Amino acid sequence: MRPARLLRWYPPAWRERYGGELLALIQDTVDEGRPTWRLRLSVVRGGLRERVHQAVRAGTAAAKRVSTGWLMTVVAGLILGSLPWNIKAPLPPARAWQATAALGALAGVVAFTGVCVLAGGLVAAPAFIAFLRERGWPKIRRRVAWAAGATVAAGGGLAGLFLGQRSMSSAQLSHSWAYGIGVVATSLALVAALGLWASAATATAKHLKLGTRARAAQPLLAAVTLTAAFAIVPANLIWLAAIQSSLAWLVVGVANLALLGVVTPRRIGQAVRQGRRLRAAASGRTTISPSAQRTPGRRRA
Amino acid sequence: MAPSGLRRPNDPPLLILVSLADGPKHGYALAKDIEDFAGVRLGPGALYGAITRLVERGLIEPAGGDDRRRPYRITPPGSAALAGALADMRQVTRTGLSRLGLDPA
């Protein structure tokens with residue numbers, strides 16, 4: 001078997017990057033002779049190991065994407081499903097303070113999440129402007145158009161639901177197929193819009209040339225934003241429990257809050273350490289783990 | 001593996017980092033150098049598997065040259081990682097020798 005044919009054991013992408021070098025090494029090693037069985041076995045084993053490695057990495061990335069997508073869908077469904085449609089229902093006096101506190105917390109968390117997202121946008125703004133000036137818009141135009149389309153559809157659906165609520169009684173709404181289908185379609189459009197904007201943002205981030213400080217700030221900003229976004233669920237559940245006098249929703253809401261309290265310090269701590277590692281690696285002072293390198297806006301080598 | 005069954009410090013990534021510690025080398029030079037100082041003959045598959053992982057982790061990087069005999073050099077994070085690993089090994093070595101009564105220190 002000729003040395004070049006041995007390279008077929010490796011994945012195409014690996015061959016394109018390292019194939020020439022490996023072939024040169026094999027040729028230097030055999031020095032015009034025929035490759036020994038030991039050398040062939042080493043190359044075959046290396047190629048199979050590389051294929052397994054790439055398959056595992058691709059599988060892990062796909063699993064992460066799928067699990068994140070499902071998680072976001074479940075969170076969105078929980079929020080939409082637990083929304084109290086009958087907001088005008090009278091509150092039991094004993095629960096009024098809970099509703100007020102939970103509603104205040106809900107509004108606060110939503111506002112804080114918005115501020116975090118805005119801060120992230122401001123941190124990336126100079127790089128984004130530079131990207132647009134370098135004629136980067138065509139690279140993201142299609143994704144942004146899809147996201148804008150889904151947003152318009154979701155907005156239209158919400159407007160239709162609002163008009164339906166104003167023109168029909170509660171009894172009519174609960175028996176209206178059109179209204180039910182409208183709720184489902186609007187929910188799907190909202191989830192699609194969120195997913196498409198996230199996809200457009202991720203695609204844009206891959207093209208941005210962020211400075212060291214911006215890249216180091218990213219992990220902490222992402223952790224805080226994610227925590228704030230997830231805090232919406234327990235705040236919403238506790239509010240729902242208060243206005244419906246539901247012990248079950250209260251237990252689920254408090255359990256969610258407790259879980260968030262357990263997870264958040266660890267997540268924030270990891271983000272702070274990751275930011276430090278990124279800063280240290282940029283100044284060449286210490287090692288950087290593969291996970292720390294995988295930040296949005298950077299492609300791996 | 002040594003006759004006693006105890007493993008030698010022959011981890012390919014570690015050997016590559018040690019070899020690159022004194023300057024850039026291409027694949028064949030790396031294999032020969034490692035064979036000289038460690039007595040370990042790394043096959044082409046094992047060598048390039050380790051090189052791939054080290055490049056992915058940012059511990060080594062290509063140092064120019066032509067596509068076929070491309071030299072690699074150790075990066076600052078690679079130097080720090082190597083220093084840490086060697087310090088750990090030195091600690092184990094010192095402790096073992098001391099407990100066997102073979103190390104006067």
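Predicted model: local features only at pLDDT ≥ 70, side-chain atom pairs only at ≥ 80, totals over all residues.

Residues are numbered from 1 along each chain as its sequence is written, chains are lettered from A and ligands numbered from 1 in the order in which they are written, and side-chain values use heavy atoms, with hydrogens and water left out.

Student: How many helices and strands does chain A have?

Tutor: Helices (H or I, at least four residues) and strands (E, at least two) are DSSP runs, numbered from the N terminus. Along the sequence, chain A reads α-α-α-α-α-α-α-α-α-α. The count for chain A is therefore ten helices and zero strands.

Student: What share of the residues in chain A is buried?

Tutor: Buried means under 20% relative accessible area, exposed over 50%, and partly exposed in between, with a 1.4 Å probe and protein chains only. Chain A has 301 residues, and the buried share of them is 33%.

Student: Which three residues supply more of the area that chain A buries against chain B than any other three?

Tutor: Together, the three residues supply 24% of the area that chain A buries against chain B. They are Glu21(A), Leu25(A) and Asp28(A).

Student: How many salt bridges does the rule find across the interface of chain A and chain B?

Tutor: A salt bridge is a side-chain nitrogen of Lys or Arg within 4 Å of a carboxyl oxygen of Asp or Glu. The side chains of Arg57(A) and Glu56(B) meet in a salt bridge at 2.8 Å, N to O. Across the interface of chain A and chain B, the number of salt bridges found is four.

Student: Is the pair of Trp14(A) and Tyr18(A) stacked, edge-to-face or tilted?

Tutor: Rings of Phe, Tyr and Trp (its six-membered ring) pair if their centres lie within 6.5 Å; planes under 30 degrees apart count as stacked, over 60 as edge-to-face and the rest as tilted. Trp14(A) and Tyr18(A) both lie in helix H2 of chain A, four residues apart, about one turn of the helix. Their ring centres are 5.1 Å apart and their planes are at 35°, so the pair is tilted.

Student: Which residues do ring pairs link into a cluster?

Tutor: Trp14(A) and Tyr48(B) form an edge-to-face pair, with 6.4 Å centre to centre and 85° between the planes. Trp14(A) lies in helix H2 of chain A and Tyr48(B) in helix H3 (residues 44-56) of chain B, so the pair joins two chains. Trp14(A) is buried at 2% relative accessibility, and Tyr48(B) is buried with a relative accessible area of 1%. The cluster consists of Tyr10(A), Trp14(A), Tyr18(A) and Tyr48(B).

Student: What distance separates the side chains of Glu21(A) and Tyr48(B) in their polar contact?

Tutor: A polar contact is a pair of N or O atoms within 3.5 Å; within protein, one must be able to donate a hydrogen and the other to accept it, and residues adjacent in sequence count only if both atoms are side-chain atoms. Glu21(A) lies in helix H2 of chain A and is buried, with a relative accessible area of 2%. The polar contact between the side chains of Glu21(A) and Tyr48(B) is 3.0 Å.

Student: Which backbone oxygen does the side chain of Lys25(B) reach?

Tutor: Lys25(B) lies in the loop between helix H1 (12-20) and helix H2 (27-38) of chain B and is buried, with a relative accessible area of 14%. The side chains of Lys25(B) and Asp22(B) are joined by a polar contact of 2.6 Å. At 2.5 Å, the side chain of Lys25(B) reaches the backbone oxygen of Ser19(B).

Notes
Buried area = accessible area lost by both parts, 1.4 Å probe.
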